[in-house]
Protein chains: 2
Amino acid sequence: MIRAERISSAQNLLLKRIRRAARTTGLTEEGFLVAEGFHLLEEVFRSGRPLEAVVCTEAALPRVRQTAGRHSGFRLVVVPPAVMEGLAATETNQGVIALAAIPAWRAEDLWGRQPLVLALDGIQDPGNAGTMLRTAEAFGASGVAALKGSVSPFNPKAVRASAGSVFRVPLRTGLTAQGLLTEAAAHGAKVYAASAEGSLPADAADLVGPCVLVVGSEGRGVSNDFRGAPSVRIPVTGVESLNAAVAAAILLYEARRQRGGVP
Amino acid sequence: MIRAERISSAQNLLLKRIRRAARTTGLTEEGFLVAEGFHLLEEVFRSGRPLEAVVCTEAALPRVRQTAGRHSGFRLVVVPPAVMEGLAATETNQGVIALAAIPAWRAEDLWGRQPLVLALDGIQDPGNAGTMLRTAEAFGASGVAALKGSVSPFNPKAVRASAGSVFRVPLRTGLTAQGLLTEAAAHGAKVYAASAEGSLPADAADLVGPCVLVVGSEGRGVSNDFRGAPSVRIPVTGVESLNAAVAAAILLYEARRQRGGVP
């Protein structure tokens, strides 16, 4: 059984690293992701991904040990509830935070064998970003690109909304619009920009071949970098627009439907 | 031009009513909805709906007057920024809150001429609930039923996520599952329960005729009251389930697609 260290000072270096990560991109400087809650802890163990540390309260310790089973090779740190509250980004924390290595995707992984890439273009809401990752995996997207200017998909709220997909779906961050367009061309992938005023209704767009679906922020829509791309719209009535995560879901579902259901 | 009252005490009766509403269902005891932000204020004026009061900060007052135009017949109350912060449910408030009458829908309004009802069964997340209202309007649902045990769709976060749809889409609250099933039968509407293990894939379910789509909470799914209903699934890969608002969106989109696009 792995031995637990007890740390009571919020000034401890490990805890400081977690707080700094939670405030910024959700990643520590060493590239570890701050994953809150038991559901994500289970995902990390299941994925066999390297784990640096698990921080928990005394009350959560038995369940942490149970979840860990025979896994070892990580620091197990017990902190007072007040210190945990200062660490957790979510309002109702379960008393456990893990520092886990994120998957190291190669550039190629985004495209897979049958490219269907979801690009987040300036998405600001972490809940939406995480939901988009989850939906992308659900509908068999080859990968997700969180373009420069979008919220970090490793933000704790995004990680939670992704329900574990952040560990599984090929994911690139920091790519520019131009970089994405160049790679898409190299892969023979058509780029579609989602827009309420798009010229093509979603079900008339050819989403069977290699393609990229670009979804912009709710306020500003898709950025000008994509003005040369064909624009696709989801026919709606009454409302000005759809929630960004909903728009992404409909386009991914439509692509999956055109491609003949789930593989 | 409507005269502004200045109130500096947080103990004022009107302000107390707003705070109590924001903490509970989002409605005051008199049935007025607490609507935050300029976007919703515009919606209220556009809808011609009775408005009891607009509370704003000094800084927001010019824009409130501009938004109101020649509308009158409501109290205009200016409060200090600190008092506004205590009223607002959203983290970044725009310094304006309106108390607006909610539409009085009759039982019949839910069903419309071509019934397509979205039922929220135990949905707890107000952001999801609001997004579901917005999507229901977008895809031409006849109405939305927030069943007993679901979060109030008048919760400030739900209202905000609905982007104004809460004022437009026929909406019933407090209906029980049994009540919904009885009304559905009376309208010849088929009831489908969304479930990850559903027997019918969404595109094989007949959503052209009158129907009800029941979406449950993410944790527990659709409640047992609907176990007699045919269950419909959205084919996914990799994930255990979809976000509830995403699942509702896919089913509504599928219904709209089967019915031949947007009316």
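User: How far apart are the centres of domain 1 and domain 2 of chain A, taken over C-alpha atoms?

Analyst: The two centres are separated by 30 Å. Domain 1 covers 4-101 and domain 2 covers 107-258 of chain A, with bounds from an automatic or database domain assignment. This is a predicted model, in which local features need pLDDT of at least 70, side-chain atom pairs count only at pLDDT 80 or more, and totals for chains, interfaces and linings use all residues. Residues are numbered from 1 along each chain as its sequence is written, while chains are lettered from A and ligands numbered from 1 in the order in which they are written.

User: What makes residues of domain 1 and domain 2 of chain A count as in contact?

Analyst: Two residues are in contact if their C-beta atoms, placed from the backbone, lie within 7 Å. By that rule, 16 residues of domain 1 of chain A are in contact with 10 residues of domain 2 of chain A.

User: How many residues of chain B are in contact with chain A?

Analyst: In chain B, 28 residues are in contact with 28 residues of chain A.

User: Why is B:Gln178 called exposed?

Analyst: A residue is buried if 20 or more other C-beta atoms lie within 10 Å of its own, exposed if 12 or fewer, and partly exposed in between, with C-beta atoms placed from the backbone. B:Gln178 has 10 C-beta neighbours inside 10 Å, so B:Gln178 counts as exposed.

User: Where does B:Gln178 lie?

Analyst: B:Gln178 is in helix H7 (residues 177-186) of chain B; a helix is a DSSP run of H or I with at least four residues, numbered from the N terminus.

Notes
Helices (H or I, at least four residues) and strands (E, at least two) are DSSP runs, numbered from the N terminus.
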